[in-house]
Amino acid sequence: MQINQETINEIREKNDILSLVSQYVKLEKRGRNYVGLCPFHDEKTPSFSVSPEKQICHCFGCKKGGNVFQFLEQIENISFVEAVRRLGENVGIEVAGEQKVVVANDNMKMIEMHELLRDYYHYVLKAIKEAEPALQYLYDRGFTDELINQEKIGYSPDISHFANDFLEKRGFDKALAYEAGLLSRNEENFTYYDRFRDRIMFPINNAQGHTVGFSGRTYKDQQPKYLNSPETPIFQKRQLLYHLDVARKSIRKQDEVLLLEGFMDVIKVNHAGLSNAIATMGTALSREHQLQLKKLADNITLMFDGDNAGVEATLGVGETLLNAGNNVYVVPLRKGMDPDEMIKEMGQERFVSYVEHNKIAFVSFKMRQMTHEVASNDLVYEQKLNEIVQNIGLVKSPVIRKKILHEASELFKVDFDSLNFEVSKYIPKREQVVTSPVQQVSYSKQERAERTVLKHFFMDKTLFMKMQDALTLNHFKKPAHQTIYEALTGYYTTEDEFQISQFLSGVSSESHSDVISIDNMMINEHPSIEEINDYIYVIHAQQEEKRTLQELKKELKQAVAEGDIENRNRLMQQIIILNRQKKQS
């Protein structure tokens, strides 16, 4: 599918790189740029930089980034055409024409199966008589038609071959559908049958909004109450945060994650008006979850059930997140109640107000759970005091830390200053934020000359046009520099000024890091022709040396073949001298 270049340019210009990246990465301003933890690899020190001025982003560690199209392609794992289409929708520009998507690998085929079945299950929920009890159950639980449609909730009929037949008619491989978790298999005769039968089907999406699994809930007395998709190549609980695709923008805007226990809670809380709610898929908080949460927001608020199990889960997860360096808060629910029950009792508006006005620091919540033990057991008193002292040291905000210290001083009957002194021992030294963690790269004399000339060409089209006769593609030693020079030739046929965000679309991803590095160079902005000629002379001289070396090696080979020892020794000496000169330059 061909998209008009003018349309591409308009979409790129109307989408702000900072707004786009901020949906995926928590950014902080550093001078003229913004920095954050790279979304493409694990790191402790921010190396991902966004330049609003140049409309590009770049990771100095893994080298990924580019303009708005390239970032979206990489972060969402989609094609350029799809990136253009999505960003066009953001700014009200429709990309004409349809492109047939070719599903190239098994993972994408699994996603396609899930999304086709999701739509079919959703249709069946209101289309067949057998689904009426399931639909009524949803209505009784407070689900509206709007919410059912929004979440694409469906129904799997009580038929052993419903999904099996559906997928087979569309040409999908049954073994792959089994691997995707949609079918079960009889291991004796290798026949396939539906995994989900007579259940309300809740689609589970990944962070990119693709359906990768299901949770089938019984509306009768079946066991288990929830039947989830098994672990598959596309559905891995340790990596998945439910509703992140929906909540991401709100999380970025509020700089807060509202973390719940289950996906049903998220649906109800989101419907009530709290749009930053997500949940794990019924599993412990994994290392992968922690890394995702760290990159999403500084503040994480836990809102688990108000029963004993919910309190224990809050204490465990809160401790983990506090030790990981997050600001952790808790919304304590009424005893024995879950979010859905509180919404029913209070109404949506009052519930939202309750959440917004009842967030306490995790360490404060933890202390409130130990009040009785501390008062009645001196052995526990000392143990808990040591725990709390260490916990307070991990609280990043000095203001919140001071507030908790006053609470601890009152609970443990310890002098505030003494307690503050003990806490100071556990306050970690904050790692210095590195704004440009660029590794020092050593360039040869010719590479430095090539980079400088290319930087001048970026800054001055007229100079580039003047020097085209003096420099050709073959004069450049480094392949990436050849790629950049060739791309400039095409770029300047239609453009008068260099814009790096636009130029990056015309070079391969392998050259992006070099383009950005060259563009960031500090050079004399108004060079004389003599200065430019000096750099070109270096490039030419290096090429001449290369040709001379090749000729000498050719002659040496001939001298060896003819047994001319004297000529051989002379040529070898010349080659050694030339190679030594090259190293020194």
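Strand β13 (residues 256-260) is paired with strand β15 (residues 299-303) in the parallel sense, over five bridges. The model in which this pairing occurs is predicted.

The unreviewed entry gives "domain: Toprim" for residues 255-336. In the model, 44% of that span is helix and 22% is strand, and its end C-alpha atoms are 29 Å apart.

The domain assignment divides the chain into domain 1 (5-90), domain 2 (106-228), domain 3 (241-358), domain 4 (366-425) and domain 5 (445-565). Between the C-alpha centres of domain 4 and domain 5 there is a distance of 64 Å.

A second open sheet contains four strands in the order β6-β9-β10-β11, and its pairing is antiparallel. Here β6 (154-156) and β11 (226-228) are the edge strands; because each has a single partner strand, one side of each is left without a neighbour in the sheet. From one strand to the next, the twist averages 35°. Inside this sheet, strand β9 (residues 199-205) and strand β10 (residues 211-217) are joined by six bridges in the antiparallel sense. One of the residue pairs in this arrangement is formed by M201 and its bridge partner in β10, G216.

Strand β2 (residues 33-36) runs antiparallel to β3, and three bridges join the two. V35 has S49 as its bridge partner in β3. Strand β3 (residues 48-51) directs F48 and V50 one way and S49 and S51 the other way, and all of these residues are buried. The next pairing, between β3 and strand β4 (residues 56-59), is antiparallel and comprises four bridges. In β4, H58 is the bridge partner of S49, while I56 stands opposite S51. The two strands form a hairpin with four residues between them. In the turn of this hairpin, Q55 has a positive phi of about 60°.

Strand β4 is likewise covered on both faces: I56 and H58 lie on one side, C57 and C59 lie on the other, and all are buried. Two bridges join β4 to strand β5 (residues 65-66), and these strands run antiparallel. H58 stands opposite G65 in β5. Five residues separate the strands in the hairpin of β4 and β5, where K63 adopts a positive phi near 75°. For residues 38-62, the unreviewed UniProt entry carries the annotation "zinc finger region: CHC2-type". The end C-alpha atoms of this span lie 9 Å apart, and the span is 0% helix and 32% strand.

The axes of helix α3 (residues 68-76) and helix α4 (residues 80-90) come within 9 Å of each other and cross at roughly 110°. These two helices are therefore roughly perpendicular to each other, and α3 passes α4 in a right-handed crossing. In the second pair, helix α19 (residues 398-412) and helix α20 (residues 416-424), the axes come within 9 Å and the crossing angle is roughly 125°. Helices α19 and α20 are therefore oblique to each other, and their crossing is right-handed.

With a relative accessible area of 3%, Q446 is buried, because the cut-off for a buried residue is under 20%. Q446 and V538 are 92 residues apart in sequence, yet their C-alpha atoms are 6.3 Å apart in space.

Note on methods. Residues numbered from 1 in each chain as written. Predicted model: local features only at pLDDT ≥ 70, side-chain atom pairs only at ≥ 80, totals over all residues. Heavy atoms only, no water. UniProt positions renumbered as here; feature names shortened; annotations may be inferred. Buried < 20%, exposed > 50% of the residue type's maximum accessible area, 1.4 Å probe, protein only. Pairing = 2+ DSSP bridges. Domains from an automatic or database assignment. Axes fitted to C-alpha atoms, helices over the stretch in contact; angles between N-to-C directions. Parallel < 35°, antiparallel > 145°, perpendicular 65-115°, else oblique. Left-handed = near helix turned anticlockwise from the far one by under 90°.
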